[in-house]
Amino acid sequence: MADKGYGYEECEATADWLLARTGVRPAVGIVCGSGLGGLADMLKDQVAFNYEDIPNFPQSTVHGHAGRLVFGTLKGRSCVCMQGRFHLYEGYPVQKITLPIRIFKLLGVDTVMLTNAAGGLNRDFKVGDIMVIKDHLNLPGFAGVNPLSGPNDERFGARFPCMSDAYDGALRQMAMHVGRELGYGDFLKEGVYCVLGGPSFETIAESRMLHKLGADAVGMSTAHEVIVARHCGMRVLALSLITNQAVMDYDSEAKANHEEVLETGTRRAAQLERLVSTMVTKMELNNNNNNYAGDADRGTLACQRKPQ
Ligand SMILES: O=P(O)(O)O[C@@H]1C[C@H](O)[C@@H](CO)O1
Ligand SMILES: Nc1nc2[nH]cnc2c(=O)[nH]1
C-alpha cells in the first residue's frame with residue numbers, strides 16, 4: 001500500500017516529524033471516542049498538534065472529535081492521545097483511518113487504550129454503562145474491508161495475525177478490578193463489540209440480528225484500530241461507553257441520534273477518565289512487580305513473527 005500514502009515509509013516520516021517536535025517518548029497511546037475527548041485534557045506538560053499540521057494525517061470531520069494529537073504525561077507516564085479518531089463513513093479507506101495506530105507503534109507505544117461510544121444491544125446494559133471489550137465482530141471485515149488488506153509489510157507484522165487474543169486478558173482483568181475499586185461496579189460490564197460502517201444507525205431488524213450473533217454493543221470504530229495494533233504487536237484495552245440503547249422493539253418511540261451519544265459522553269466523561277488514568281498508574285507500578293503483566297508478548301510470540 002506504499003503507493004497509496006499509508007505505507008511504512010509514510011508512517012515513519014510522520015513519526016519522525018512528531019519525534020523531532022516533542023521530547024515525550026510515549027509508552028501508552030490513547031484514542032478518544034465520540035464525546036470523550038476530555039481524556040486528552042488529563043495529560044500534563046502537553047505538546048499538541050492539530051491533525052491538519054501533521055504530515056500524512058487524515059482530518060477529523062465529526063462533531064465530538066477535536067482533531068488534535070496530544071503528547072504529555074499521565075501520572076508521570078508518557079502518553080500520546082488522539083483527541084478524535086477517523087471512521088469508515090468519513091470516506092477514508094480503512095488503511096487510512098488506522099494509520100495513526102501504526103504511527104503510535106513507530107513512536108514507541110506498546111499499550112493502546114481505545115474508547116468509543118456504542119449502542120447497547122445487551123438488554124442488561126443501561127445507558128451510561130462502561131463495557132470492557134472482550135472481543136469483536138468485524139462486520140465490514142466479512143465483506144473484505146480489513147485494514148490489513150493489500151500487500152503485507154513484515155516490518156509491521158505477519159501476513160496472517162492471530163485475533164483470538166486481540167483484547168489483552170490481563171488488562172481486561174485490571175480494568176474490571178480497578179473499576180470496582182473506584183466504585184463503578186454497578187455500571188461496569190464486559191462484552192462483545194460489533195463494528196458496522198455507519199453512518200446510519202441500525203434498523204430494528206439489524207439490531208436484533210447483531211444481538212443474536214453475540215454482540216453486546218454496536219458502534220462504528222475501534223475494531224479496525226485493534227486489528228492494526230495487534231498486527232504490529234501492541235497490547236490493547238478497549239472500552240465502550242453505552243451512550244444509547246439500540247432500538248430493538250417496533251413499539252419503541254426511541255430514535256438513536258448523535259446528540260444523545262455526545263450527551264452521555266459528557267455525563268460519564270469524568271468516570272471514564274478516572275478509570276483510564278488509574279489504569280495507567282497501575283500499569284506503571286505493575287511494570288515493576290508484574291502483577292498485571294499483559295499477555296501481549298506471549299500472544300505476539302505465539303501468533304506472529306516480530307517485526308524486523
Ligand atoms: O468514535 P466513536 O466510535 O466513539 O463514535 C461513535 C460512532 C459514530 O462515529 C458516532 C455516532 O454517534 O459515535
Ligand atoms: N452503530 C452505532 N454506533 C453508535 N455509536 C453510539 N451509539 C451507536 C449506535 O447505536 N449504533
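Q: Which residues does the UniProt annotation "binding site" cover?
A: The unreviewed entry lists Ser-34, His-65, Arg-85, Phe-86, His-87, Ala-117 and Ser-221. UniProt positions follow the numbering used here, feature names are shortened, and annotations may be inferred rather than shown by experiment. This is a predicted model: local features need pLDDT of at least 70, side-chain atom pairs count only at pLDDT 80 or more, and totals for chains, interfaces and linings use all residues. Residues are numbered from 1 along each chain as its sequence is written, while chains are lettered from A and ligands numbered from 1 in the order written.

Q: Take His-65. Buried or exposed?
A: His-65 is buried because it has 23 C-beta neighbours inside 10 Å. Buried means 20 or more other C-beta atoms within 10 Å of a residue's own, with C-beta atoms placed from the backbone.

Q: And what does His-65 touch?
A: Ser-34, Gly-37, Ser-60, Gly-84 and Arg-85, not counting residues up to four places away in sequence. Contact means C-beta atoms, placed from the backbone, within 7 Å.

Q: Switching to ligand 2. Which residues come nearest?
A: Of the 15 residues around ligand 2, Ala-117, Gly-119, Gly-219, Ala-256 and Val-261 come nearest. Being near means a C-beta atom, placed from the backbone, within 6 Å.

Q: Which strand gives the most to that shell?
A: Strand 5, with three residues. Strands are DSSP runs (E, at least two residues), numbered from the N terminus. Ala-117 is found in strand 5.

Notes. Helix = DSSP H or I, 4+ residues; strand = E, 2+ residues; numbered from the N terminus. Buried ≥ 20, exposed ≤ 12 C-beta atoms within 10 Å, placed from the backbone. Contact = placed C-beta atoms within 7 Å.
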